[in-house]
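The sequence and the coordinates are shown first, and the description follows.

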Amino acid sequence: MSEPLIEAREVSRQFESVEGSIKVLQGVDLCINPGNTISIQGESGSGKSTLLNILAGLDRPDGGSVVWGSSDIANQSSSKLARIRASLIGMVFQSYYLVPELRALENVMLGGRISGMNTDLKERSKALLEKVGLGERMASLPATLSGGERQRVAIARALISEPKVLLADEPTGNLDEATGDSVMGMLQALCVDANVALVLVTHNTNYAARMDSAWILRQGVLEKGS
Amino acid sequence: MPWYLYIALRHLFPQGKRFPVYTLMSVTGVVLGEAVLMVVISVFNGFGHEIRTRIADTYGDLRIVTGDLIYNTEDLSERLKSMESVESAVPYAHGLVMLLHKNKPLAPMVEGIDVRSDEELGKYEEYLLAGNMDDFDDDSILVSSGLADQLQLYVGGEVEMYTPLMMLKLLESDGKDMLLPRSVRVAGIFQTGWQRADENTVICTLRLMQDLYNLGEGAHGVRVELNEGYEIEPESRSISDALGRPFFARTWMDTHGDFLSVVQLEKRMMFFLLFIIVIVASFSIMSSLLIFVIRKTREIGLFAAMGATPRQVAACFCYQGLFIGITGTIFGMGLGFTLIHFRNHITSTISRILGVADSMNQIYGFSYLPARVEMADMIGIALLSILVATLAGLIPAYKASRLDPVEALRSE
Ligand SMILES: Nc1ncnc2c1ncn2[C@@H]1O[C@H](COP(=O)(O)OP(=O)(O)O)[C@@H](O)[C@H]1O
Ligand SMILES: [Mg+2]
């Protein structure tokens, strides 16, 4: 088997607060292989977002290590990490985070611009928006789009840079069930299509069950889900 | 176009909004500062230039002297006129006299000019407030406006003139001689707008001056006007060299340069005072960009998640300062040039509304507001405004680049 894209080894992370330190992650092991789909469930506040941020190199663990490909990211500068992240990882969030000043197409293209994937960017972005079913809304500003439509734009923006891994933090958390289902279906199909590994944080057991492997974050460690 | 430049432009000029208020406010500050600076500096340059021409008109560009009387002025004038840079060369004599009118004495400077030269006459004609150059002859004088005021002189009136020579004679004769003043007619009253000349000056013909000062055919020097486009300082040196001893050239800078340096100093002070407007504008840019960074916190976190480096994030906000500076400067220049162009309509409208017509003429001796656009000044103002606006973007940019992406994404 090929080497994992991202590997977390014994990752721990704690936060200082007025009530003392909160140990959020206490030795998390996770291995993301190319094309793998993984779900992570867990109660609110269990540290799912924290784990995704650490996997993405946005946050640094207090203990343990995160390895991208074959290199430990602990001793890399944040600019170096940013440049690698641009081509390795795409991220999708619960509340979309579209740039309100940009039209749908421009939001998608921004993902390509930042990661330096500029060749045929406009054509590729248009094609991707067609794929997520927004061929008619390319010139719309985010404010005029529905929640489901916004998340589709956000997914297209994350995938335009052709990442190896997509980290999705409760992508359907703000959507009603029917919309969530269709967005989820589309997300999974796109990842399988492009052979992108998917880490899906979700509260929905159905979605979780559709992944290759399912995990539950409980008391700072990952347990095998059913 | 790098993405941060693109985002900077989009932040400033959002899609689908025709009226970017924040941008407009920031830009307006720069526009006003830039325009005011341009107008004031140009008016100062205008004053400086006007005064310079007036000084040059009354003093001449250069004066060729020997330190003694010059008798062969014809020769000298011809030699000078044969030079490429010289427009005219006429002899002059100068000194001090005492005027007595209605028992009030004053001792003005007197300058004897060569009335055979039409240019000489034309120059003073321009500055005449009253009287006529045609009446100017060997028995009459032109008096400056300040002198006319103090002695209550009027055109056509007579005034008694004493020279130092008369006093000397009186002294030598132990008071036995009678002191007989020369009675002259006032042919005209002039005002140049140059305070120093307007206060206390008498112009008479060279012949009268030679008579009064017992100069015979001699003169104190030759006044030289240079052709357009020749610099006074270097030209004075080369003319001095060309004439050789005992002649040498003096410029009005040597004698009256201090006055112009005052104008220069005032201009510089006004520049620094008014530059404060630009600095204030830069603070408003800074505060609106800081607010903007805070509003855009989650977006900045998102940029990081998409692979943006802190340096690129900083660049995004730096460029906004730069764009505001450039846009403000361009429109400020437009406004500035418009104001400079219509300044006289504007000032006359204002004085008509306030009912203080012609106050400018009374105070400055100008019937209009002079202005002169010096390109070097304009470019300097523009570059400084852009620089200051860009600097104003640095602090917000630094703040944006230092945001922790995780915190930024968590913020609500
Ligand atoms: N920067 C922080 N400072 C203090 N506490 C934090 C910080 N980030 C996260 N936490 C705490 O860590 C815990 C896990 O947060 P998070 O990873 O967002 O949970 P989840 O995404 O699973 O809901 C929460 O209790 C949260 O309050
Ligand atoms: Mg979360």
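Is B:Trp3 buried or exposed? In this predicted model, B:Trp3 is buried, with a relative accessible area of 3%.

## Aromatic residues of chain B

A pair of aromatic rings is described by the distance of the centres and the angle of the planes. Over all chains, a search of the whole structure finds 8 aromatic pairs. One of them joins B:Trp3 and B:Tyr4: the ring centres are 5.8 Å apart and the planes stand at 80°, so this pair is edge-to-face. B:Tyr4 also pairs with B:Tyr319, with ring centres 6.1 Å apart and planes at 15°, so that pair is stacked.

B:Tyr4 belongs to helix α1 (residues 3–12) of chain B and B:Tyr319 to helix α12 (residues 310–341) of chain B, so their pairing ties together parts that are 315 residues apart in sequence. B:Tyr319 counts as partly exposed, at 27% relative accessibility. One aromatic cluster is formed by B:Trp3, B:Tyr4, B:Phe303, B:Tyr319 and B:Phe323.

## Helix α11 of chain B

Helix α11 of chain B spans residues 297–305 and is mostly covered, with 8 of its 9 residues buried. Among the buried residues is B:Phe303, which is also a member of the aromatic cluster. Others include B:Thr297, B:Glu299, B:Ile300 and B:Leu302. Just after α11(B), B:Gly307 adopts a positive phi of about 105°.

## The site of ligand 1

Residues from chains A and B surround ligand 1, so the site is shared between chains.

A backbone N or O atom of A:Gly47 is 3.0 Å from an oxygen atom of ligand 1, and a polar backbone atom of A:Ser46 is 3.3 Å from an oxygen atom of ligand 1. On chain B, a polar side-chain atom of B:Glu407 lies 2.9 Å from a nitrogen atom of ligand 1. Ligand 1 has 560 Å² of accessible area on its own, and the protein covers 74% of this area.

## Domains of chain B

The domain assignment divides chain B into domain 1 (3–52 + 259–409) and domain 2 (67–246). Taken over C-alpha atoms, the centres of these two domains of chain B are separated by 51 Å.

Technical notes:
Residues are numbered from 1 along each chain as its sequence is written. Chains are lettered from A and ligands numbered from 1 in the order in which they are written. This is a predicted model: local features need pLDDT of at least 70, side-chain atom pairs count only at pLDDT 80 or more; totals for chains, interfaces and linings use all residues. Side-chain values use heavy atoms; hydrogens and water are left out. Domain bounds come from an automatic or database domain assignment. A residue is near a molecule or strand if one of its heavy atoms lies within 4 Å of it. A polar contact is a pair of N or O atoms within 3.5 Å; within protein, one must be able to donate a hydrogen and the other to accept it, and residues adjacent in sequence count only if both atoms are side-chain atoms. Accessible areas come from the Shrake-Rupley method with a 1.4 Å probe; for residues, only the protein chains shown count as cover. Buried means under 20% relative accessible area, exposed over 50%, partly exposed in between (1.4 Å probe, protein chains only). Helices (H or I, at least four residues) and strands (E, at least two) are DSSP runs, numbered from the N terminus. Rings of Phe, Tyr and Trp (its six-membered ring) pair if their centres lie within 6.5 Å; planes under 30 degrees apart count as stacked, over 60 as edge-to-face and the rest as tilted.
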